[in-house]
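What follows is a walk through one structure, with the sequence and the model to hand. Keep both in view while reading.

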Amino acid sequence: MPEAPLLQVRDLTVSFATRQGALRAVDGLSFDVGQKEIVGIVGESGSGKSVAIYSMLGLVREKNATITGSVLFEGREILGLSDKELQPIRGGSIGMIFQDPMTALTPVYTVGWQLVEQIRQHLHLPKAAARQRAIELLGQVGIPDPKSRVDRYPHEFSGGMRQRVVIAMALSCNPRLLIADEPTTALDVTTQAQILDLMLKLQDTYDSSIVIITHDMGVIAEMAHRVVVMYAGRPVEIARELDLVRHPRHPYTWGLLDAVPRLDAKHDRLRTIRGNAVSPLNLPPGCAFAPRCDYVMDQCAQRPPLQGDADHVDACWLSDAQRVTIRQRVEQPS
Amino acid sequence: MSDDVVLQATDVVKTFSSRGKKLGTRVVSRAVNGVSLEVRRGETLGIVGESGCGKSTLARCLVQLSPVTSGTVAFEGTTLTGLSRRRLRPFRRQFQLVFQDPYASLNPRRTVGDIVAEPMRINHLGSTSAIDARVRELFSTVGLDAAAVNRYPHEFSGGQRQRIGIARSLSLNPTLVIADEPVSALDVSIQAQVLNLMADLQQEFNLTYVFIAHDLGVVRHVSDRVGVMYLGEFVEFGDVGSIYETPLHPYTEALLSVVPELNDTDAPRRERIIITGDVPDPADRPSGCPFHPRCPVATDLCRVEKPALLTIVPGRQVACHYPRNLDAVKATSTTS
């Protein structure tokens with residue numbers, strides 16, 4: 001019997017009441033994050049990947065939002081907790097890394113002040129000890145000369161250095177789970193490599209689990225153990241990373257993987273997914289991907305359930321035999 | 001100079017001066033520091049580099065949107081730098097820009113039909129009805145519904161807006177299109193659509209492209225030749241396939257090694273070279289080679305003497321005292 005997962009998300013649904021009707025930003029999302037596991041959530045803009053995470057932490061505060069389902073963290077239901085109850089969790093046992101390191105830090109205080117505030121809040125250390133811990137953390141995330149940098153303001157750091165500060169902050173209270181929302185999207189590729197490398201190293205040191213949200217399949221392949229592919233608020237495929245990139249099953253995942261221009265080969269044309277992302281306000285009645293899918297059938301008017309074996313599930317009506325023929329046909333010409 | 005060169009830049013320098021830290025002082029940033037290039041008719045020249053390397057500034061200098069500090073830019077043999085605005089005007093029709101942000105580059109208060117028609121109106125290209133017909137034709141060329149001309153930019157998605165920007169750039173039948181990060185704001189599935197569209201248009205209208213991007217996969221896909229920029233200079237230049245297979249400059253090598261790849265085949269992946277530190281401030285350039293403070297193979301020579309951009313084999317140039325993969329590059333050059 002494996003140990004219980006650190007995070008268990010069941011049937012998470014987030015909908016917003018709008019004048020045009022209910023907008024389902026997240027629709028029946030379920031996944032687990034094991035101890036020391038890195039789970040990647042991948043999807044394009046509007047797929048609901050950020051809203052899903054924010055709703056778990058009580059950060060979706062819009063009055064017209066309805067959140068249902070269950071989110072168990074260390075066995076305890078955290079969905080619907082009050083701000084006061086969530087306080088020790090947010091920034092304490094769950095650390096957050098946001099996309100834009102400039103907006104995640106306040107420009108009017110030194111980075112040291114911001115780190116010390118958080119450390120004192122969660123670990124109840126005296127001021128001097130908290131400052132010592134802040135300097136230690138800045139050193140750990142690779143900021144040169146942390147003793148003097150601790151008294152600098154965010155604008156005095158480069159983008160990559162700022163993201164390091166944000167990571168230091170997320171780690172400051174030894175979180176069990178780190179949630180990173182597009183942590184490297186705003187960064188250059190050499191800086192991205194530094195940050196991803198750092199995250200992997202620290203994950204090893206701290207034994208924490210990570211949920212990484214990204215639109216970049218490459219980042220997923222580099223980081224994640226398991227992947228959740230989202231489309232229009234719904235999970236369409238969940239699998240181990242290597243299974244997903246080598247044996248993708250859902251037509252949307254095929255499209256996502258095939259559309260990436262590659263470094264190792266030059267093709268005359270990129271394979272594309274036709275059309276534009278669907279509006280979550282008027283989703284088709286069945287499979288949300290059907291209007292853009294090249295293999296749509298009559299059955300697709302009904303919503304396909306997530307099914308498969310324990311390690312690899314997807315939501316599509318295509319039979320195994322059909323998928324094999326389609327993939328063989330697609331892969332042949334290249 | 002052979003006549004198939006559309007655009008030629010020679011030793012282009014662009015500096016910006018800004019207030020220094022001390023009161024009354026000025027600091028000068030060399031955003032583009034002596035760039036020379038030739039764009040050949042019908043090709044796609046890719047320019048790749050990280051943020052702040054000067055690639056967008058270079059684009060603006062090439063199309064005379066910002067005056068160069070020194071150096072020359074010539075279009076089909078005519079020197080553009082130094083021409084008055086009036087004398088420049090007839091040339092401007094022949095090179096057009098496609099911008100990065102499809103949200104910021106379209107006026108939200110005008111219909112998309114107006115936006116595409118404007119360059120033709122300014123240049124008095126035909127009657128109102130002729131322009132209208134041309135706008136509709138352009139819309140279908142870029143894969144948009146011609147009935148959408150009376151709608152406003154906010155009614156379109158990012159990918160559709162970028163198609164509108166492309167339609168506008170084509171409205172004057174340009175020879176050269178300079179695209180500055182045209183797909184970096186788009187989702188990957190939409191990005192692929194726009195890249196395919198740009199390839200189709202290039203064939204159909206015999207266009208020459210300068211394609212600026214930070215995404216190495218995208219640049220590989222679209223380009224015939226590639227220039228790699230670092231701190232306002234080309235550090236490497238060459239044919240796309242050979243650069244990606246056997247990079248000469250340590251910076252190019254490191255860049256290529258850290259692009260996250262899908263390990264969907266059993267081919268061994270490149271060894272990752274993670275370069276440390278950040279890009280230096282262009283106002284405070286390092287001595288010698290601009291890359292030496294971050295270079296894994298730098299020596300004392302690199303700190304003192306700046307390497308020139310030299311041709312190693314035909315079609316491959318590099319500015320480095322210690323080029324990588326030298327034997328492989330020379331071997332493939334002699335066999336082919």
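Lys201(A) is exposed, because its relative accessible area is 55%, and this lies over the 50% cut-off for that class. The model is a predicted one. The side chain of Lys201(A) meets that of Asp197(A) in a salt bridge, at 3.5 Å from N to O. Asp197(A) has a relative accessible area of 25% and is therefore partly exposed. Both residues belong to helix α8 of chain A, which covers residues 189–206, and they stand 4 residues apart, about one turn of the helix. An α-helix has 3.6 residues a turn, so residues three or four places apart point the same way. Side chains of opposite charge can pair when their charged atoms come close.

A second salt bridge in chain A joins Arg327(A) and Asp258(A), whose closest N and O atoms are 3.3 Å apart. Arg327(A) is in helix α12 and Asp258(A) in helix α11, so this pair ties together parts of chain A that are 69 residues apart in sequence. Arg327(A) counts as buried because its relative accessibility is 13%. Asp258(A), at 18% relative accessibility, also counts as buried, since the cut-off is under 20%.

Chain A gives 42 residues to the contact and chain B gives 42 residues. The area buried between them is about 3,800 Å², with carbon and sulfur atoms giving 50% of it. There are 2 salt bridges between chain A and chain B. In a salt bridge between Arg272(B) and Glu222(A), the closest N and O atoms are 2.4 Å apart.

Over all chains, the salt bridges come to 36. Within chain B, Glu76(B) and Arg41(B) form one through their side chains, at 3.0 Å from N to O. This pair links distant parts of the chain, 35 residues apart: Glu76(B) is in the loop between β4 (70–75) and β5 (78–79), and Arg41(B) is in the loop between β2 (26–40) and β3 (44–48). With a relative accessible area of 34%, Glu76(B) is partly exposed, and Arg41(B) is partly exposed at 38%. In chain A, Arg24(A), Asp27(A), Arg234(A) and Arg303(A) are joined into one network by salt bridges that share partners.

Which residues touch the most other members of the largest nonpolar core? In this core of 91 residues, they are Ile166(B), Leu216(B) and Tyr244(B). Helix α6 of chain B, residues 188–205, gives the most to the core, with 8 residues. Ile166(B), leaving aside neighbours within four places in sequence, is in contact with Val98(B), Val142(B), Val194(B), Leu197(B), Met198(B) and Leu201(B). Another core, of 37 residues, lies apart from the largest one and includes Val141(A), Val150(A), Val165(A) and Leu202(A).

Helix α3 of chain B (residues 112–122) also has buried residues, including Val112(B), Ile115(B), Val116(B), Pro119(B) and Met120(B). The elements that cover the buried residues of α3(B) include α4 (128–141) and α5 (158–170) of chain B. Just after α3(B), His124(B) takes a positive phi of about 50°.

The walk ends at helix α4 of chain A. Gly112(A) lies in this helix and counts as buried because its relative accessibility is 5%. Between Gly112(A) and Ala129(A) there are 12 Å in space, C-alpha to C-alpha, and the two are 17 residues apart in sequence. Trp113(A) is also placed in helix α4, which covers residues 111–123. Is Trp113(A) buried or partly exposed? At 39% relative accessibility, Trp113(A) counts as partly exposed. Together with Val108(A) and Tyr109(A), Trp113(A) makes a nonpolar surface patch of about 310 Å².

Definitions and conventions:
Residues numbered from 1 in each chain as written. Chains lettered and ligands numbered in written order. Predicted model: local features only at pLDDT ≥ 70, side-chain atom pairs only at ≥ 80, totals over all residues. Heavy atoms only, no water. Patch = residues over 30% accessible without salt bridge, like charges linked within 9 Å, V, L, I, M, F, W, Y side chains within 5 Å. Areas by Shrake-Rupley, 256 points an atom, 1.4 Å probe, with all protein chains shown as cover. Salt bridge = Lys/Arg side-chain N within 4 Å of Asp/Glu carboxyl O. Helix = DSSP H or I, 4+ residues; strand = E, 2+ residues; numbered from the N terminus. Buried < 20%, exposed > 50% of the residue type's maximum accessible area, 1.4 Å probe, protein only. Core = buried A, V, L, I, M, F, W, Y, C linked by side-chain atoms within 4.5 Å. Contact = heavy atoms within 4.5 Å. Buried area = accessible area lost by both parts, 1.4 Å probe.
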